Amino acid sequence: MKVRAPSSSSRYFEVKGLMREGGLHTICEEARCPNIGECWGRGTATFQILGDTCTRACRYCYVHSGKPDGPPDPLEPLRLAQAAAQMKLSHVVVTSVDRDDLPDRGAAHYAATIRAIKRKLPAAKVEILTPDFLDVEEEALGTVLAAQPEVFNHNIETVRRLHARMRGAKASYDKALWLLERAKEVADYPVLTKSGIIVGLGETNDEVVDTMRDLRAHGVDVVTIGQYLQPSPKHAQIDRWVHPDEFRWFREQGEKLGFGSVFSGPLVRSSYRADEQRHAAETSRGAVAY
Ligand code: SF4
């Protein structure tokens, strides 16, 4: 696998400067995403709100885990919206760390961020990639969906058999499916729902298809499938390298199941070319990212 290195002729350094200037975090950097040269070079990035410390410790994720330092920064939504405007984004992707320490799990901060973006960039579409809002799911869905993000994304991450082992006891495969289905019921507008699967963690190809089937059964419109890369020796080992032909097969299976968009490839990540994923689903023509 080859990725594009950051180049001085691209917009990479401009994006980096805006993030530093605004005191903003991105999942691109925090999770050591291999696509950063390409995405930032295109002038896009995925914002990570609610700080840089996650209250969970999933075995595949590089984001710093621990006890977060205080409540959310109330000015972060405004700074993020300002940076998105300077980047001239037409599709803004926002994710966060898990904040199990907050009574609302960060839902109000998500809503404030969506509203700040929509005020600053009225034509932009907003995609949120949320945590599971442990134990306050219904209220949190109401809060974030009242701000009307166009895409509600919650990653299932892995197959049912590996879910607890990879994500820990607090996470639940069935709760993730419920959250995705309930989002459409709670929204009073046609929100797109989306989820992602990481492969190379020990699953079989049939289990990946079973997971896609579960997602479709819960009304999910967009799915992404990408290869796991071990971010450090402390994280789960790579079980296998999935061949590009297998990624193509996943796409074919996903399209047969009726997803509006299936992005499947070694370097596909949840937010990789997210604007194209949304567009593919809206026009229901399906897509592949490589
Ligand atoms: S794929 Fe997503 S997380 Fe990775 S660099 Fe691109 S926007 Fe950032």
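## Close-up views of a predicted model

**View 1. Helix 4 packs against helix 5.** In this predicted model, helix 4 (residues 76–86) and helix 5 (residues 107–120) pack with their axes 8 Å apart, at an angle of about 40 degrees. That angle makes helix 4 oblique to helix 5, and the crossing is right-handed. If you want to pick out the contact, go for P77, L78, L80, A81, Q82, A84 and A85 on helix 4. Their partners on helix 5 are A112, T113, A116, I117, R119 and K120.

**View 2. Helix 9 runs alongside helix 10, roughly parallel to it.** Here the axes of helix 9 (residues 205–217) and helix 10 (residues 244–257) cross at roughly 30 degrees and come within 10 Å. Angles under 35 degrees count as roughly parallel, so helix 9 gets that label relative to helix 10. Helix 9 passes helix 10 in a right-handed crossing. From helix 9, the contact takes in N205, V208, V209, M212, R213 and R216. From helix 10, look for E246, F250, Q253, G254 and L257.

**View 3. Helix 11 has a buried side.** Which residues of helix 11 are buried? Within this helix (residues 274–283), they are A274, Q277, R278, A280 and A281. These residues cover an arc of only 160 degrees around the axis, so they sit on the same side of helix 11.

View 4. What covers the buried residues of helix 11? The cover includes strand 3 (91–96), strand 4 (125–129) and strand 5 (151–153). It also includes strand 6 (192–199), strand 7 (222–227) and strand 8 (261–264).

**View 5. Stepping back to the whole chain.** Zoom out and you'll find eleven helices and eight strands. The radius of gyration is 18 Å, close to the 19 Å that the globule rule gives for 290 residues, so the chain is as compact as a globular protein of that length. Along its principal axes, the C-alpha trace spans about 45 × 45 × 40 Å. Buried residues make up 48% of the 290 in the chain. As for who touches whom, take the contacts with a separation of 6 or more: 75% of them link residues 24 or more positions apart.

Note on methods. Residues are numbered from 1 along each chain as its sequence is written. This is a predicted model: local features need pLDDT of at least 70, side-chain atom pairs count only at pLDDT 80 or more; totals for chains, interfaces and linings use all residues. Helices (H or I, at least four residues) and strands (E, at least two) are DSSP runs, numbered from the N terminus. The radius of gyration is taken over C-alpha atoms; the globule rule is 2.2 Å times the number of residues to the power 0.38. A residue is buried if 20 or more other C-beta atoms lie within 10 Å of its own, exposed if 12 or fewer, and partly exposed in between; C-beta atoms are placed from the backbone. Two residues are in contact if their C-beta atoms, placed from the backbone, lie within 7 Å. The arc is that of the directions from the helix axis to the C-beta atoms. Axes are lines fitted to C-alpha atoms, for helices over the stretch in contact, and angles run from 0 to 180 degrees between N-to-C directions. Angles under 35 degrees count as roughly parallel, over 145 as roughly antiparallel, 65 to 115 as roughly perpendicular and the rest as oblique. A crossing is left-handed if the near helix is turned anticlockwise from the far one by less than a right angle, and right-handed if clockwise.
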